[in-house]
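Here is a short report to read beside the model. Keep the sequence and the 3D view open as you go.

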Amino acid sequence: MSTQDKSSSRSRSKAIGKSAIKNTPPKDTKKVSLFRRLDIRFPWLKLVLVVFIGIVAILDLLDLTISKTNNHVILATVAPMQKHVKVTERVLVGKKLVALTFDDGPSSATTPILLQTLEEKDVPATFFMLGKMAKNNPDLVREIESKGHEVASHTMYHQNLIRIPLASAKADINEAASVIEDILGHKPSLTRPPYGNNNAEIRKAMDTPVIIWSVDTLDWKNKNTEAIVSTTMSEIHDGAIILMHDIHPTSVEAVPTLIDTARKAGYEFTTISELAEIKEVDLEDGELYYNILP
Ligand SMILES: [Zn+2]
């Protein structure tokens with residue numbers, strides 16, 4: 001046999017193989033013909049099947065609505081009717097940025113009201129909480145963080161750290177950090193010493209950026225919503241850290257007007273860490289910050 005013959009016989013057998021495959025009846029011919037036969041004998045069967053599948057699909061959907069995607073469905077149908085639903089993201093570009101900070105809480109009496117206001121206004125804040133208050137309100141601490149606010153430490157018992165032995169000050173700072181870590185699974189991102197009082201050793205012991213404030217609303221003193229707003233607006237500036245206390249009802253009451261007034265004046269709100277990120281300021285552990293300016 002010549003080389004040509006070999007190759008031609010190979011291609012022939014290939015061709016035979018292909019046609020053999022082509023000619024093999026499809027495996028599901030029997031099934032198809034069975035359906036055809038059924039279709040001819042029971043022409044209404046198709047309609048019954050379609051209706052049955054439709055009912056099953058609807059039941060399945062209802063079941064999903066009730067069980068798995070309960071939240072999702074409720075949000076999709078009810079949310080647009082609720083007033084506090086976020087319809088827009090905060091626009092930070094071209095705005096003067098400030099951080100609202102709340103000390104001495106969280107309090108089960110006043111902090112939930114504040115959280116609702118902040119949600120309605122789409123304002124994230126920074127909470128310098130006391131370890132002893134956090135320990136008594138762990139669910140509130142988790143809620144604060146879950147709503148996009150920053151959780152920071154204001155020490156355990158609000159002692160004047162520069163007036164007590166350094167060892168006691170360190171113990172107080174560390175206890176607060178542990179309480180917050182136990183609740184949230186991570187340590188507080190920032191620390192604010194009570195009364196703003198600190199020294200080099202205390203800053204070092206805090207082991208986080210040390211945050212004071214540049215706008216003191218004096219809310220704890222005046223306990224007057226109008227005074228809180230006017231004091232803030234007279235001192236507010238780009239990069240400001242605004243000091244408030246979420247344990248006083250008057251402070252919480254002042255927040256909606258304060259937010260609206262500041263926004264009218266071209267300000268927008270961020271957490272301290274977000275503010276530092278936007279201003280490209282690297283917050284360093286043990287360093288002192290009164291405001292966040294590049
Ligand atoms: Zn305080």
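Is Leu218 buried, exposed or partly exposed? Leu218 has 15 C-beta neighbours inside 10 Å, so it counts as partly exposed. A residue is buried if 20 or more other C-beta atoms lie within 10 Å of its own, exposed if 12 or fewer, and partly exposed in between, with C-beta atoms placed from the backbone.

## Ground rules

This is a predicted model: local features need pLDDT of at least 70, side-chain atom pairs count only at pLDDT 80 or more, and totals for chains, interfaces and linings use all residues. Residues are numbered from 1 along each chain as its sequence is written.

## The whole chain

The chain has 13 helices and eight strands. Helices (H or I, at least four residues) and strands (E, at least two) are DSSP runs, numbered from the N terminus. Of the 294 residues, 32% count as buried.

Two residues are in contact if their C-beta atoms, placed from the backbone, lie within 7 Å. Take the contacts between residues at least 6 apart in sequence: 76% of them join residues at least 24 apart.

## The nonpolar core

In soluble globular proteins, nonpolar side chains tend to be buried together. A nonpolar core is a set of buried Ala, Val, Leu, Ile, Met, Phe, Trp, Tyr and Cys residues joined through C-beta atoms within 7 Å. Here the largest such core has 57 residues. Those with the most contacts inside it are Phe127, Met129, Ala134, Ile241, Ile242 and Ile272. Helix α8 (residues 166-184) gives the most to this core, with seven residues.

Now follow Met129. Leaving out residues up to four places away in sequence, Met129 touches Gly105, Pro106, Ala134, Val141, Val151, Ser153 and His154. Two of these partners, Gly105 and Pro106, are joined by a cis peptide bond, with omega near 0°. Pro106 sits in the loop between β1 (96-103) and α5 (111-121).

Two packed helices are described by the angle between their axes and the distance between the axes. Axes are lines fitted to C-alpha atoms, for helices over the stretch in contact, and angles run from 0 to 180 degrees between N-to-C directions. Angles under 35 degrees count as roughly parallel, over 145 as roughly antiparallel, 65 to 115 as roughly perpendicular and the rest as oblique.

How do α5 and α12 pack? Their angle is about 10°, and their axes are 9 Å apart. That makes α5 roughly parallel to α12. From α5, Ile113, Leu114, Thr117 and Lys121 make the contact; from α12 come Val252, Val255, Pro256 and Ile259.

Helix α11 (residues 225-235) also meets helix α12 (residues 249-264): the axes come within 8 Å and cross at roughly 45°. The two helices are therefore oblique to each other. On the α11 side the contact uses Thr225, Ile228, Val229, Thr232 and Met233. Residues of α12 in this contact include Thr250, Ala254 and Leu258.

## Two loop residues with positive phi

Return to Leu218. Its phi is near 55°, a positive value in a residue other than glycine. Leu218 lies in the loop between β5 (215-216) and α10 (219-222).

Tyr195 is not a glycine either, and has a positive phi of about 65°. Tyr195 is found in the loop between α8 and α9 (200-206). With 13 C-beta neighbours inside 10 Å, Tyr195 counts as partly exposed.
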